[in-house]
Amino acid sequence: MPFAEIMDDLLNSIGTEDAYSTDYVAVFEVCGEKVSIEDEQLARALKAIEERKRNIVLQYFFIGDTDTYIGKMLDCSRANVTKCRIQALDKLKQLIEEEKEKCQKS
């Protein structure tokens with residue numbers, strides 16, 4: 001059975017979730033669900049990319065939707081969703097690396 005298909009009750013009974021206090025929380029709304037990002041650097045990078053690509057990343061990694069499901073919701077192919085997600089991840093990596101370089105120079 002794939003991990004993603006384990007019933008929530010079973011998963012909650014065998015797992016734990018760490019909670020750390022933070023002063024920063026960015027909230028993105030995707031398909032009626034709210035996704036909270038507590039990492040300021042990641043949140044800034046997500047805000048800087050195109051909304052469609054950001055939503056694909058959030059749906060895939062934070063909500064747990066598959067590329068096929070996202071494609072159906074966006075009326076496009078699974079391959080197109082995968083391509084957009086990979087492009088978004090590349091852009092996020094670039095933005096985060098640029099920010100790290102700026103901080104090191106300061």
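Contact here means heavy atoms within 4.5 Å. Keep that cut-off in mind for the points on packing. The model is predicted.

1. **Helix α4 and its buried side.** Helix α4 covers residues 67–74, and in this helix D67, I70 and G71 are buried. Look down the axis of α4: the buried residues fall within an arc of 105 degrees, so they line one face of the helix. An α-helix has 3.6 residues a turn, so residues three or four places apart point the same way. What do the buried residues of α4 pack against? Their partners are α3 and α5, the latter spanning 78–105.

2. **The residue after α4.** D75 follows α4 and lies in the loop between α4 and α5. Its phi is positive, about 55 degrees, although D75 is not a glycine. Is D75 buried or exposed? The cut-off for exposed is over 50% relative accessible area. D75 reaches 72% relative accessibility, so it counts as exposed.

3. C31 sits in the loop between β1 (26–30) and β2 (33–37). C31 is not a glycine, yet its phi is positive, near 50 degrees. With a relative accessible area of 46%, C31 is partly exposed.

4. **A43 in helix α2.** Helix α2 runs over residues 40–48 and holds A43. A43 has a relative accessible area of 0%, so it is buried. Which residues does A43 touch, leaving aside its neighbours within four places in sequence? They are Y24, A26, F28 and I37. Distance along the chain is another matter. A43 and V27 are 16 residues apart in sequence, and their C-alpha atoms are 8.7 Å apart in space.

5. **R54, a buried charge.** R54 belongs to helix α3. R54 is buried but has no salt bridge. Why no salt bridge? A salt bridge needs a side-chain nitrogen of Lys or Arg within 4 Å of a carboxyl oxygen of Asp or Glu. The nearest side chain of opposite charge to R54 is E51, and E51 is 4.6 Å away. Leaving aside neighbours within four places in sequence, R54 is in contact with F28, L46, K47 and I49.

6. F61, F62 and L89 make a nonpolar surface patch of about 270 Å². Where is F61? F61 is in helix α3, which covers residues 51–63. F61 has a relative accessible area of 44%, so it is partly exposed.

Notes
Residues numbered from 1 in each chain as written. Predicted model: local features only at pLDDT ≥ 70, side-chain atom pairs only at ≥ 80, totals over all residues. Heavy atoms only, no water. Patch = residues over 30% accessible without salt bridge, like charges linked within 9 Å, V, L, I, M, F, W, Y side chains within 5 Å. Areas by Shrake-Rupley, 256 points an atom, 1.4 Å probe, with all protein chains shown as cover. Helix = DSSP H or I, 4+ residues; strand = E, 2+ residues; numbered from the N terminus. Buried < 20%, exposed > 50% of the residue type's maximum accessible area, 1.4 Å probe, protein only. Lys, Arg positive; Asp, Glu negative; His and termini not counted. Arc of directions from axis to C-beta.
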